[in-house]
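Thanks for making time this morning. Please keep the model open while I talk, and follow along as I go from one part to the next.

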Amino acid sequence: MCGACGRAVIADPVLGPVRRMRDLLLVAQMVNVLVDGLPGRPVVRVIGEGWIVAGRTGRTSTCDTVRELWLAMLDHGRADATSCIAERVARSLPGASPLADRVLREGMAAANDFLGGAAG
């Protein structure tokens, strides 16, 4: 709990201890660009101190961490798009900035977890 504002603080190893609106917007933009053009792609928007992922069916998920964001993107996307997202993330590594690199690496880890869970 934050002593100044009274809100619960969600730890995110990708963003670090301080969440800046600019970082949240950059993460959303990066993820949206990576999935652009995929059929039935979900869309990420910043909401408060996290994100909301809207799927093609209108289903939404709120995400507090970058890992949750990637898992929601994979879950909301079409089944055939999941491997495409993983391939696009892998091709984008290393990231253009330290933040981009951390976001992409978290995306690869999430894709591996997601695809591993789908196979088992």
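Helix α2, residues 66-76, lies across β1, β2 and β3, and runs at about 165 degrees to β3. Helices here are DSSP runs of H or I with at least four residues, strands are runs of E with at least two, and both are numbered from the N terminus; the axes are lines fitted to C-alpha atoms, for helices over the stretch in contact, with angles from 0 to 180 degrees between N-to-C directions. Please bear in mind that this is a predicted model, in which local features need pLDDT of at least 70 and side-chain atom pairs count only at pLDDT 80 or more, while totals for chains, interfaces and linings use all residues. Residues are numbered from 1 along each chain as its sequence is written, and side-chain values use heavy atoms, with hydrogens and water left out.

Helix α1, residues 21-35, lies across β1 and β2, running at about 175 degrees to β1.

Now the sheet itself: it is open, with 3 strands in the order β1-β2-β3 and antiparallel pairing, where two strands pair if DSSP finds at least two bridges between them. The edge strands, each pairing on one side only, are β1 (43-47) and β3 (60-63), and the twist averages 25 degrees from one strand to the next. Strand β2, residues 50-54, pairs with β3 over 4 bridges, and valine 53 stands opposite serine 61 in β3.

Which charged residue is buried yet has no salt bridge? That is aspartate 23, placed in helix α1, and its nearest side chain of opposite charge, arginine 20, is 4.0 Å away. Lys and Arg count as positive and Asp and Glu as negative, with His and the chain ends not counted, and a salt bridge needs a side-chain nitrogen of Lys or Arg within 4 Å of a carboxyl oxygen of Asp or Glu.

Finally, threonine 82 in helix α3 counts as buried because its relative accessibility is 5%, given that buried means under 20% relative accessible area, exposed over 50%, and partly exposed in between, with a 1.4 Å probe and protein chains only.

Notes: Contact means heavy atoms within 4.5 Å.
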